[in-house]
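This report describes the fold of one protein chain and then turns to its surface and to a few individual residues.

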Amino acid sequence: MTERELLRTALVIPPRGRAVLCVWAGVPGLVCAPFVFWQSIAAGCVFCAVWTALVFEVWVRSCSFAAWLTPKDLVMQAGVAVPAARQLPRQAVTGLFALRTPLLWLAGCSVLVVRCPGAQLILPGVPARQAQALAAALTEDAP
């Protein structure tokens, strides 16, 4: 994927990437649930209901995620009712870090962390090919 193609397309989290994010959000609840059920059945049921709602919120938010590259900025937008956008100037990017866990590798995705002075932008579950192209385009313009 070239920079020209990146300028025309938005990076979205594919269904497999959303599944990885939901697994990551669900694992702490699965670990803690037996201890809450040990206290009482009612507390365990309430805990599981609240944790399920939180994992659903992660899924809904990941469905609304979009990032795109403009000639001057990297823009990320997420949010269902009130979408919030965050812009990072391409010239201000000081570092990039791509994370691929075994679960992300199976899903064909990466987590891309973009750093600039005073800010850090995390792009979760981006397809690996697009993440590599985005990293190349951002480091090419770095001072």
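Predicted model: local features only at pLDDT ≥ 70, side-chain atom pairs only at ≥ 80, totals over all residues.

## Overall architecture

Residues are numbered from 1 along each chain as its sequence is written, and side-chain values use heavy atoms, with hydrogens and water left out.

The C-alpha atoms fill a box of roughly 60 × 30 × 25 Å along the principal axes. Of the 143 residues in the protein chain, 37% are buried, a class defined by under 20% relative accessible area, with exposed meaning over 50% and partly exposed in between (1.4 Å probe, protein chains only). Among contacts (heavy atoms within 4.5 Å) between residues at least 6 apart in sequence, 47% join residues at least 24 apart.

## Surface and nonpolar patch

The protein chain exposes about 8,400 Å², of which carbon and sulfur atoms supply 68%; accessible areas come from the Shrake-Rupley method with a 1.4 Å probe, and for residues only the protein chains shown count as cover.

On this surface, Val23, Trp24, Val27, Val31, Phe97, Leu99, Leu103, Trp105 and Leu106 form a nonpolar patch with about 850 Å² of accessible area together. The elements giving two or more residues to the patch are α2 (15–39), β5 (95–99) and α4 (102–107), and α2 gives the most, with 4 residues. Patch residues have over 30% relative accessible area and no salt bridge, and nonpolar side chains (Val, Leu, Ile, Met, Phe, Trp, Tyr) are joined within 5 Å. Trp105, placed in helix α4, is exposed, with a relative accessible area of 57%.

The Arg18 side chain does reach the backbone oxygen of Ile13 at 2.7 Å. Leaving aside neighbours within four places in sequence, Arg18 is in contact with Ile13, Trp59, Ser62 and Cys63.

Pro34 is also placed in helix α2 and is partly exposed, with a relative accessible area of 48%. The C-alpha atoms of Pro34 and Gly44, 10 residues apart along the chain, are separated by 7.7 Å.

Definitions and conventions. Patch = residues over 30% accessible without salt bridge, like charges linked within 9 Å, V, L, I, M, F, W, Y side chains within 5 Å. Salt bridge = Lys/Arg side-chain N within 4 Å of Asp/Glu carboxyl O. Polar contact = N/O pair within 3.5 Å; in protein donor to acceptor, adjacent residues only side chain to side chain.
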